[in-house]
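Reader: I've got a model open and want to walk through it with you. Can we go feature by feature?

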Amino acid sequence: LNIYFAIKNFAEQRAELSIINVCLMTGAFAILLINSYQRYLLGRSVLSFLASILFSVSAILFRNGSEYYLLLNVVIIITFFSDRRFLISFTIGNLLLFIGIKIFLNSTFVFDQVPFSRVMFNMTWAVGMMVLALLFFKNEQLSYQKQVEEKNHELENMNQTKEKLFSIIAHDLRSPIGQLKSSLEMVNKRYITPEQFIEVTDKLSIQVDQIYGTLDNLLRWSVSQFKGIKVVPEKVSLTHLIEHQAVQFLQPSLEQKNIRLHTEGLQQQVWADPDHLTLIFRNLITNAIKYSYPDGTITIRAYPDNDQVVVEIRDNGIGMPAGVRDSLFSSMVMVSNTGTSNEKGTGLGLKICKEFTEKNQGRIWVESAPGKGSSFYVSFPK
């Protein structure tokens, strides 16, 4: 509009008004430049001051209705200024200019006067822009309000999840720790002999492993929630990581249930954080052991799939219905059932698996049916 009216006013021999149009146009480009350097307060101040002066001059000299742009300026100032000093000073300044111009227009002084159609255009355009500015502001407020409501809803769900999680963990830790404490007291008070205590150490060892796994998951999850997950990827051999780290740690649990472990294709290599992979596979294999029947079989199979390597961990245990399967990785739902030997769990392990898998540019999913076992799949970049 400023380009158009600069040319039109110059053609109609209103050079002064044409210069004002050019100044407004130049000021607009200057504000864009200032904003590109993220000096937003400076840009808004320049805009408001420049517009106030130039609109006032054109309204006084040419009686073209530009004083209504001062009201538009007030709306924009109220919308975009957060600093109270600037907001009050610019608002009062523009309102005083508007009142002063309206008083001055009753005088007989006329430097030049544009056609009435131009006055109507400026008045209409100013009012239309005020409506647009208010609609924009209202839309921004509604957007912020919606974001706040969504964040509040997320926080409520997270708090509910955490409360449920800690209640489950407190319950599941109290029982094995209490049994361990009782057993040690019985030995100390000579209620049982050291030889009799050795007979129950296998069971106590498994319980201690379960406590360790729960606490490790809780610690990792807490760190990921408060500090975020830092990924340091490298080339990782699945053979070494699964057979010599994850499975070795879980060997007592496998022996307790007499579960056979079958592996194939583990010569594959992936690009991921080895500590994260160890945690992921420990949790998935622990789950497979938990829901497998004694004397069962767990199969760990790796195979390439385009630019990914997929690892399947399959058991022939109790399986799960579709409703449980679909909510297994939901961040707002804690799913945990008792294992085939009454093993307890929190549901936290699978959430950690999902978070750490996705942070390593991978994917996790499950296939399962009641009575037919479960297959958990994780994929990572080659």
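**Loops, helices and cysteines**

Reader: How does Asp295 count: buried, exposed or partly exposed?
Author: Relative accessible area sets the class: under 20% is buried, over 50% is exposed, and anything in between is partly exposed, using a 1.4 Å probe and protein chains only. Asp295 comes out at 45%, so the class is partly exposed.

Reader: What should I know about the numbering and the cut-offs for confidence?
Author: This is a predicted model, so local features need pLDDT of at least 70 and side-chain atom pairs count only at pLDDT 80 or more, while totals for chains, interfaces and linings use all residues. Side-chain values use heavy atoms, with hydrogens and water left out, and each chain's residues, as its sequence is written, are numbered from 1.

Reader: What is the phi of Asp295, and where is this residue?
Author: Most residues other than glycine have a negative phi. Asp295 isn't a glycine, yet its phi is positive, at about 70 degrees. As for the place, Asp295 is in the loop between α11 and β4.

Reader: Which residues does Ser292 touch?
Author: Ser292 is in the loop between α11 (274-290) and β4 (297-305). Its relative accessible area is 0%, so Ser292 is buried. Leaving out residues up to four places away in sequence, the contacts (heavy atoms within 4.5 Å) are with Lys257, Ile259, Ile298, Asp315, Gly317 and Thr340.

Reader: What is the phi of Gln38?
Author: Gln38 is in the loop between α2 and α3. At 59% relative accessibility, that residue counts as exposed. Gln38 isn't a glycine, but its phi is positive, at about 60 degrees.

Reader: How many helices and strands does the protein have?
Author: These are DSSP runs numbered from the N terminus: H or I over at least four residues for helices, E over at least two for strands. The protein has 13 helices and 7 strands.

Reader: At what angle do α1 and α2 pack, and what is the orientation?
Author: Axes are lines fitted to C-alpha atoms, for helices over the stretch in contact, and angles between N-to-C directions run from 0 to 180 degrees. Helix α1 (residues 2-11) and helix α2 (residues 15-36) have axes 8 Å apart, at an angle of about 165 degrees. Under 35 degrees is roughly parallel, over 145 roughly antiparallel, 65 to 115 roughly perpendicular and the rest oblique. α1 and α2 are therefore roughly antiparallel.

Reader: At what angle do α2 and α3 pack, and what does that make them?
Author: Helix α3 (residues 40-62) packs against α2 at about 170 degrees, with the axes 9 Å apart. That makes the pair roughly antiparallel. The contact includes Leu17, Ile20, Cys23 and Ile31 of α2 with, among others, Leu47, Leu50 and Phe62 of α3. In short, the orientation is roughly antiparallel.

Reader: How many disulfides does the structure hold?
Author: A disulfide would be a pair of cysteine sulfur atoms within 2.5 Å. Cys23 is partly exposed at 33%, whereas Cys353 is buried at 0%. As for disulfides, the number in the structure is 0.

Reader: What separates the C-alpha atoms of Glu355 and Ile280?
Author: Glu355 is in helix α13 (residues 348-359) and is partly exposed, at 25% relative accessibility. Ile280 is 75 residues away along the chain, and the C-alpha separation is 9.6 Å.

Reader: What share of the residues counts as buried?
Author: Among contacts between residues at least 6 apart in sequence, 74% join residues at least 24 apart. Of the 382 residues, the buried share is 40%.
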